[in-house]
Amino acid sequence: MTHPDVEAQVDAYLDGELAAMDTVELEAHLAGCASCGRFRDDRLALRTAIAAQLPRTEAPEALRGRVRAAVRKAAGPGRTHRLAPPMARRWLALAASLAIVAAGSWRLATAHTASEILTDEVLASHVRSLMPGHLSDVLSTDQHTVKPWFNGKLDFSPPVHDFAGRGYPLLGGRLDYLNGRPVAALVYGRRQHLINVFLWPATGSSGGGAPLVRHGYYLLHWTTPEYTYWVASDLGLSELTTFAGLLQLGDSAAASGR
């Protein structure tokens with residue numbers, strides 16, 4: 001048994017599709033071949049990751065039909081009926097497994113890429129704001145000046161709070177562009193550190209993610225029933241988390257007062 005033969009049979013083996021004699025032969029090879037053993041372990045790990053992170057769905061009948069047609073075509077004209085049933089099932093299982101793995105890998109990669117793109121956008125906007133002349137379109141420590149400034153510039157009225165009494169004064173605001181839409185950017189200070197708060201109307205479920213660190217900056221993000229928030233700063237994580245808590249309390253108080 002050669003290594004390519006083994007790799008072609010591992011998926012069928014894991015699906016319980018191999019004949020008894022083929023199973024015995026394959027297991028004997030796996031027991032004595034470290035590289036093929038690792039190949040089997042990798043396939044098992046991939047299956048486990050896909051099963052844990054993707055919802056279980058049935059393959060559409062059209063896809064099943066295309067897989068069957070591909071197997072018949074691979075068997076060649078006039079050979080369909082000579083193909084032994086176990087071999088046919090083996091190739092069908094391998095083709096279906098490859099299709100599922102390809103679809104699962106694509107969906108995982110797409111979700112991961114979208115999240116990473118937004119993270120990069122937030123970091124780039126924060127760093128760009130630190131350049132001279134880019135921090136604020138409206139310079140004011142008065143929340144009653146900053147909040148009305150957004151009127152007519154966005155399709156929502158962002159909540160604006162001043163936390164000067166807690167050591168996080170409001171410094172101003174500006175328009176920014178993230179996640180494919182215009183967003184509000186509020187600027188706060190903490191000693192010599194600047195904090196950017198990006199927010200826009202929520203489109204998903206509420207919740208938060210773990211703090212992120214990119215190139216020396218901390219990024220916090222969470223979603224409320226009304227808004228998606230991203231906070232970026234080089235402030236220490238403990239103080240930035242305290243600031244995020246003040247924002248969440250401010251929004252909760254505003255929501256309860258509506």
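## Basis of the model

A residue is called buried when its relative accessible area is under 20%, exposed when that area is over 50%, and partly exposed in between (1.4 Å probe, protein chains only). The model is predicted: local features need pLDDT of at least 70, side-chain atom pairs count only at pLDDT 80 or more, and totals for chains, interfaces and linings use all residues. Residues are numbered from 1 along each chain as its sequence is written, and side-chain values use heavy atoms, with hydrogens and water left out.

## Helix α1

Helices (H or I, at least four residues) and strands (E, at least two) are DSSP runs numbered from the N terminus. Helix α1 covers residues 3-14, 12 residues in total. From first C-alpha to last, α1 reaches 16 Å, close to the 16 Å expected; the expected span is 1.5 Å times one less than the number of residues.

Buried positions in α1 are V6, Q9, V10, D11 and A12. Just after α1, G16 has a positive phi of about 75 degrees.

## Aromatic contacts

Rings of Phe, Tyr and Trp (its six-membered ring) pair if their centres lie within 6.5 Å; planes under 30 degrees apart are stacked, over 60 edge-to-face, and the rest tilted. The whole structure has 8 aromatic pairs. One of them, F163 with F243, is edge-to-face, at 6.0 Å centre to centre and 90 degrees between the planes. F163 lies in the loop between α6 (143-149) and β2 (170-178) and F243 in helix α7 (residues 237-257), so this pair ties together parts 80 residues apart in sequence. F163 is buried at 9% relative accessible area, and F243 is buried at 0%.

F243 also pairs with Y168 in a tilted arrangement, 5.3 Å centre to centre with 40 degrees between the planes. Y168 is in the loop between α6 and β2, 75 residues from F243, and Y168 is buried. R190 lies over the face of Y168, 4.4 Å from the ring centre; a charge counts as over a ring if NZ of Lys or CZ of Arg is within 6 Å of the ring centre and within 35 degrees of the ring normal.

## Strand β7 and its partners

Strand β7 (residues 217-223) has 5 of its 7 residues buried. Strands pair if DSSP finds at least two bridges between them. β7 runs antiparallel to β5 (residues 207-208), with 2 bridges, and G208 has W222 as its bridge partner.

β7 also pairs in the antiparallel sense with β6 (residues 212-214) over 3 bridges and with β8 (residues 227-233) over 6 bridges. In the β6 and β7 hairpin, H215 takes a positive phi near 55 degrees.
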